Amino acid sequence: MATCPECDAEIEVDEFDVDKGDQLSCPECGSNLEVVGLTPIELDIAMDDDDDDDDDDDDADEKEDDAEEEDDEEEKDEDLEE
């Protein structure tokens, strides 16, 4: 048995069927939970995947900005050569 950190509901979790880092949902409140401890089973609120997606978007934006800066530098170099 484990306890939901959001609503304190008792959740039946078989310690042999889960590994640290596994995610599950609370049947009472629907919160996404992550297994953070195995003996005894400990659950914590899982980080949203949306945050990870936002980080990926930020990385893509940074790469795009870097590419634009390189293009601007190349244009300046071409102008100087002329």
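Modeller: Let me begin with one term: contact means that heavy atoms lie within 4.5 Å. Please also keep in mind that this is a predicted model.

Colleague: Which residues does Val-13 touch, leaving out those up to four places away in sequence?

Modeller: With those residues not counted, Val-13 touches Met-1, Ala-2, Val-18 and Ile-41.

Colleague: Why is Ser-31 called buried?

Modeller: The word buried is used for a relative accessible area under 20%, and Ser-31 has a value of 14%, so Ser-31 counts as buried. This residue lies in the loop between β3, residues 23-25, and β4. When its neighbours within four places in sequence are left aside, Ser-31 is in contact with Glu-6, Leu-24, Ser-25 and Cys-26.

Colleague: Is Asp-8 buried or exposed, and how do you know?

Modeller: A residue is called exposed when its relative accessible area is over 50%, and Asp-8 reaches 56%, therefore Asp-8 counts as exposed. Asp-8 is found in the loop between β1, residues 2-3, and β2, residues 10-11. Its phi is near 65°, which is a positive value in a residue other than glycine.

Colleague: Where is the peptide bond that you call cis, and what is its omega near?

Modeller: That bond runs from Thr-39 to Pro-40, and its omega is near 0°. Pro-40 itself is found in the loop between β4 and β5.

Colleague: In what order do the elements run from the N terminus, and how much of the protein counts as buried?

Modeller: The protein has five strands and one helix, and from the N terminus on they follow the order β-β-β-β-β-α. Of its 82 residues, 18% count as buried. The protein exposes about 6600 Å², and carbon and sulfur atoms supply 37% of that area.

Conventions
Residues numbered from 1 in each chain as written. Predicted model: local features only at pLDDT ≥ 70, side-chain atom pairs only at ≥ 80, totals over all residues. Heavy atoms only, no water. Helix = DSSP H or I, 4+ residues; strand = E, 2+ residues; numbered from the N terminus. Buried < 20%, exposed > 50% of the residue type's maximum accessible area, 1.4 Å probe, protein only. Areas by Shrake-Rupley, 256 points an atom, 1.4 Å probe, with all protein chains shown as cover.
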